[in-house]
Amino acid sequence: MATSSSVWSKGREFYRYSVHLHQANRRFSENSDKSWFRSLFVHKVDARKDAHSNLLSKKETSNLYKIQFHNVKPECLEAYNSLEAEVQNRLHQDQDYPCEVVGSWNTWYGEQDQAVHLWRYRGGYPALTECLDKLNTNKEYIEFRKERAKMLVSRRNQLLLEFSFWNEPMPRPGPSVYELRTYHLKPGTMIEWGNHWARAIKYRQENSEAVGGFFSQIGDLYVVHHLWAYGSLQSREETRNSAWLKEGWDANVYYTVPLIRSMESRIMIPTKNSPLQ
């Protein structure tokens with residue numbers, strides 16, 4: 001049962017978001033002619049006969065990403081992190097495996113006792129298949145999976161592509177807290193989402209907080225993940241609030257909110273071996 005303080009905190013955050021959205025609506029309604037004229041250029045999406053994966057992903061790379069969500073038994077989290085770090089280090093050192101861990105985290109706020117891992121396969125689906133084939137015949141890895149299974153409550157994953165207008169996630173020193181914002185979009189709206197964020201991402205790069213942006217290909221579909229890094233929770237609040245002072249950010253919120261079915265925020269702490277610190 002939620003405590004009064006948590007209810008108050010959630011209510012305050014919802015109120016603040018509602019105020020921002022109301023201000024955006026008011027700015028758009030003050031001059032209907034101007035708003036209508038602007039919507040011709042901001043809101044309209046050209047009809048294209050191609051998969052959104054081809055239209056939105058990077059053409060110069062063939063990276064495929066896998067994100068894993070592991071719900072760990074509370075008493076096993078420390079042992080799980082140590083075991084996972086050992087296996088990740090071995091895979092990194094072995095050049096025969098065309099995969100690399102981009103980042104590993106434990107959820108701080110959100111779903112508790114959860115580990116999140118982001119992997120990159122340079123070479124796309126062939127690299128993924130090659131890696132899985134080799135792991136399935138690796139006796140050490142098979143034993144690792146058996147040992148890991150004893151520590152888990154549940155697990156799930158998704159295969160992702162990266163948006164063309166986001167930077168490729170690269171190692172960073174930290175220390176940082178990370179936010180993974182997950183958006184479940186209405187089917188058929190991914191291209192429209194990408195069009196708006198291609199213009200809006202510039203408002204969220206001044207403090208190097210933008211780490212990576214991805215959309216799902218296998219698993220839950222029409223899912224977007226935005227990964228952000230902040231120096232602290234206070235820095236997160238200040239950075240997000242400053243975006244509302246930039247002309248154009250309100251337009252992005254105004255037009256993308258109707259595309260969302262549901263959304264979730266995770267605040268995560270990197271594990272000791274994570275390349276993203």
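This is a predicted model: local features need pLDDT of at least 70, side-chain atom pairs count only at pLDDT 80 or more; totals for chains, interfaces and linings use all residues.

User: What volume does the largest cavity have?
Analyst: Rolling a probe the size of a water molecule over the atoms shows where empty space is left. A search of the whole structure turns up one cavity of 30 Å³ or more. The volume of the largest cavity is about 50 Å³.

User: How do the lining residues of the second largest pocket divide by class?
Analyst: This pocket holds about 340 Å³ of space. Its lining has 21 residues, and Lys66, Gln68, Leu132, Leu135 and Tyr141 are the closest to its centre. Among the elements giving two or more residues to this lining are strand 1 (63–72), helix 5 (124–135) and helix 6 (139–149). The division is 12 nonpolar, four polar and five charged.

User: Which residues make the nonpolar surface patch of about 360 Å²?
Analyst: A patch residue needs over 30% relative accessible area. Leucine 233, in helix 8 (residues 233–243), is partly exposed at 35%. The patch is made by Trp108, Tyr109, Leu233 and Ile269.

User: Is valine 257 buried, partly exposed or exposed?
Analyst: Valine 257 sits in the loop between helix 9 (249–256) and strand 8 (260–270). Its C-alpha is 9.5 Å from that of leucine 185, which is 72 residues away in sequence. The relative accessibility of valine 257 is 26%, so this residue counts as partly exposed.

User: Which residues of helix 7 are buried?
Analyst: Helix 7 covers residues 190–200, and eight of its 11 residues are buried, so the helix is largely enclosed by the rest of the structure. The buried residues are Met190, Ile191, Glu192, Trp193, Gly194, His196, Trp197 and Ala200.

User: What is the N to O distance in the salt bridge of arginine 236 and glutamate 179?
Analyst: Side chains of opposite charge can pair when their charged atoms come close. Glutamate 179 is buried at 0% relative accessibility, and arginine 236 also counts as buried, at 15%. The two side chains meet in a salt bridge, N to O, at 2.9 Å.

User: Why does that pair tie together parts of the chain?
Analyst: Glutamate 179 also forms a salt bridge with arginine 181, at 2.8 Å between the closest N and O atoms. For the pair with arginine 236, the partners lie in two elements: arginine 236 in helix 8 and glutamate 179 in strand 5, so the linked parts are 57 residues apart in sequence.

User: Which residues are linked with Arg120 in a network of salt bridges?
Analyst: The count for the structure is 14 salt bridges. Arginine 120 pairs with glutamate 168 at 3.2 Å, N to O. Arginine 120 is in strand 3, and glutamate 168 is 48 residues apart from it, in the loop between strand 4 and strand 5. The residues linked with Arg120 are Glu100, Arg122 and Glu168.

Note on methods: Residues are numbered from 1 along each chain as its sequence is written. Side-chain values use heavy atoms; hydrogens and water are left out. Helices (H or I, at least four residues) and strands (E, at least two) are DSSP runs, numbered from the N terminus. Buried means under 20% relative accessible area, exposed over 50%, partly exposed in between (1.4 Å probe, protein chains only). On a 1 Å grid over the protein atoms alone, a cavity is a set of points where a 1.4 Å probe fits but cannot get out, and a pocket is an open set with protein on both sides within 12 Å along at least five of seven lines; lining residues have an atom within 4 Å of a point. Grid points are joined across faces, edges and corners, and a volume is the space filled by probe spheres set on the points. Ala, Val, Leu, Ile, Met, Phe, Trp, Tyr, Cys and Pro count as nonpolar, Asp, Glu, Lys and Arg as charged, and the others, Gly among them, as polar. Patches are made of residues with over 30% relative accessible area and no salt bridge: like charges are joined within 9 Å, nonpolar side chains (Val, Leu, Ile, Met, Phe, Trp, Tyr) within 5 Å. Accessible areas come from the Shrake-Rupley method with a 1.4 Å probe; for residues, only the protein chains shown count as cover. A salt bridge is a side-chain nitrogen of Lys or Arg within 4 Å of a carboxyl oxygen of Asp or Glu.
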